[in-house]
Amino acid sequence: MSTSPAASGFGSIADTAPLSLCDRAPHVPADRLVAEMVPPPRFDSVRFDTYLPDPNQPSQTEAVRVLEGFAADLGGAHAVGGGKRGFLGFGKAFGRTKAAKTPAGPRGVYLDGGYGVGKTHLLASLWHATPAEPALKAFGTFVELTNLVGALGFQQTVRTLSGHRLLCIDEFELDDPGDTVLVSTLLGKLVDAGVALAATSNTLPGKLGEGRFAAADFLREIQGLAAQFRPLRIDGEDYRHRGLPEAPAPFADEQVTRAAYATEGASLDDFPSLLAHLAKVHPSRYGALTDGLRAVCLTDVQPVPDQSTALRLVVLADRLYDREVPVLASGLPFDRLFSEEMLNGGYRKKYFRAISRLTALARDAKGLVA
């Protein structure tokens with residue numbers, strides 16, 4: 001923001017004006033995209049033993065057991081280096097004994113469940129538990145994976161990831177036919193190279209694409225993709241809502257503005273302007289857009305006007321949540337961002353995830369006002 005503290009009437013609160021997301025237009029080199037394919041800061045310290053299964057949901061305990069076995073087997077999956085390698089069986093957790101050759105059947109695990117049941121926690125725990133150097137493991141969201149292909153090109157992406165022991169894909173979503181073909185082909189080549197796969201999603205592999213495009217036209221690609229994974233259903237309610245108070249009501253514009261000026265490293269933007277700015281920045285750069293932020297302060301939150309804007313906001317919400325950046329806002333509460341038509345449409349899973357995550361970040365921001 002270009003407004004000076006004195007001109008804004010908040011000079012006594014801070015020496016400098018808050019940052020502005022709308023003033024940022026980051027450039028992200030391709031090598032940074034590769035280097036950042038690790039679990040986000042929110043999941044730096046998670047492990048299998050820090051996951052607390054709901055005793056009323058046995059599928060959660062089962063998922064931990066299976067993934068621990070999967071990680072243990074990956075310790076000898078193939079030697080470090082390039083070329084086609086053998087892939088060990090999944091051991092007792094998968095009902096098979098280890099073998100020296102690539103086994104028939106699924107080459108990965110697919111964690112399916114609702115919002116906030118701990119899928120990303122488990123996926124990050126698998127990444128941490130896999131006995132391999134970080135350079136031999138990759139972790140990213142589905143959007144980050146497609147962005148990597150866009151930055152490197154398909155063949156270079158295959159060459160880069162083929163040397164990995166494990167590829168973890170979070171929030172696996174197929175939003176258009178092109179992505180279906182692209183990811184199916186990419187994962188097929190990686191499996192052929194001996195790379196183990198793990199993914200999370202809110203949709204079972206055989207149901208990918210339903211309600212979002214003409215699934216029948218791409219049935220072959222979807223079914224082929226599903227065959228690469230063993231689905232693990234994780235039941236349970238959103239942990240962000242278990243025993244927690246309801247999402248805080250939005251604050252007044254003046255409260256949000258004062259908090260932005262009083263918080264070092266905070267940004268301050270009005271919501272409509274931010275939405276307009278997101279259209280000018282490629283989603284692969286939204287992570288860089290939030291570099292160094294301690295808090296995001298938004299005034300005049302309004303309903304999102306259209307689906308393209310809504311999907312961009314979903315990506316930003318994911319990046320803020322990954323980085324644990326609290327969000328303080330005025331205007332409408334976050335559960336009223338998306339229209340009923342959006343919440344009942346093909347992208348509803350993404351919108352509900354965004355609401356859940358923004359609500360959690362709004363709780364985190366309450367202390368900024370106090």
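Buried means under 20% relative accessible area, exposed over 50%, and partly exposed in between, using a 1.4 Å probe and protein chains only. Keep that scale at hand for this tour.

**Before you click**

This is a predicted model, in which local features need pLDDT of at least 70 and side-chain atom pairs count only at pLDDT 80 or more, while totals for chains, interfaces and linings use all residues. Residues are numbered from 1 along each chain as its sequence is written, and side-chain values use heavy atoms, with hydrogens and water left out.

**Stop 1: the whole chain**

Start with everything shown. The protein has 370 residues, and 52% of them count as buried.

Among contacts with a separation of 6 or more, 82% are between residues 24 or more positions apart.

**Stop 2: colour by confidence**

Colour by pLDDT, the predictor's confidence in each residue, from 0 to 100. The average is 81, and 78% of the residues score at least 70. Select residues 1-7, where pLDDT stays under 50; the model gives them 19 contacts beyond four places in sequence. Then select residues 213-219, also below 50, with 13 contacts beyond near neighbours in sequence. Where pLDDT is low, the predicted coordinates should not be read in detail.

**Stop 3**

Select residues 119-129, which are helix α4. Nine of its 11 residues are buried: K119, T120, H121, L122, L123, A124, S125, L126 and W127.

Which residues touch the most other members of the largest nonpolar core? They are L122, L126, L337 and F338, in a core of 63 residues. Such a core is a set of buried Ala, Val, Leu, Ile, Met, Phe, Trp, Tyr and Cys residues joined through side-chain atoms within 4.5 Å. Helix α12 (residues 307-322) gives this core its largest share, eight residues. Centre the view on L122 and show its surroundings: leaving aside neighbours within four places in sequence, L122 is in contact with F48, Y51, A63, V64, L67, L111 and I234. Apart from this core lies another, of 25 residues, among them V28, L33, Y110 and L197.

**Stop 4: helix α3**

Move to residues 58-74. At 1.5 Å a residue, the 17 residues of helix α3 should span 24 Å, and the end C-alpha atoms are 25 Å apart, which agrees. The expected span is 1.5 Å times one less than the number of residues. Among the buried residues of α3 are A63, V64 and L67. The buried residues of α3 pack against β1 (108-113), α4, β3 (166-170), β4 (196-201) and β5 (229-234).

**Stop 5: helix α12**

Select residues 307-322. The 16 residues of α12 should span 22 Å at 1.5 Å a residue, and its end C-alpha atoms are 23 Å apart, which agrees. In α12, 12 of the 16 residues are buried, including L313, L316 and L320.

Now pick L311, also in α12. L311 is partly exposed, with a relative accessible area of 23%. Not counting residues up to four places away in sequence, L311 touches Y347, K350 and Y351. Try the distance tool on L311 and K350: 7.9 Å from C-alpha to C-alpha, at 39 residues apart in sequence.

**Stop 6: an aromatic pair**

How many aromatic pairs does a search of the whole structure find? It finds one. F338 and Y351 are stacked, with 4.6 Å centre to centre and 20° between the planes. Rings of Phe, Tyr and Trp (its six-membered ring) pair if their centres lie within 6.5 Å; planes under 30 degrees apart count as stacked, over 60 as edge-to-face and the rest as tilted. F338 sits in the loop between β8 (327-331) and α13 (340-343), and Y351 in helix α14 (residues 348-369). F338 counts as buried at 4% relative accessibility, as does Y351 at 0%.

**Stop 7: two positive phi angles**

Finish with the backbone. D300, in strand β7 (residues 295-301), has a positive phi of about 60° although it is not a glycine. D300 is partly exposed at 34% relative accessibility. Next select E324, in the loop between α12 and β8, where phi is near 55°, a positive value in a residue other than glycine. E324 is partly exposed, with a relative accessible area of 43%.

Terms used: Helix = DSSP H or I, 4+ residues; strand = E, 2+ residues; numbered from the N terminus. Contact = heavy atoms within 4.5 Å.
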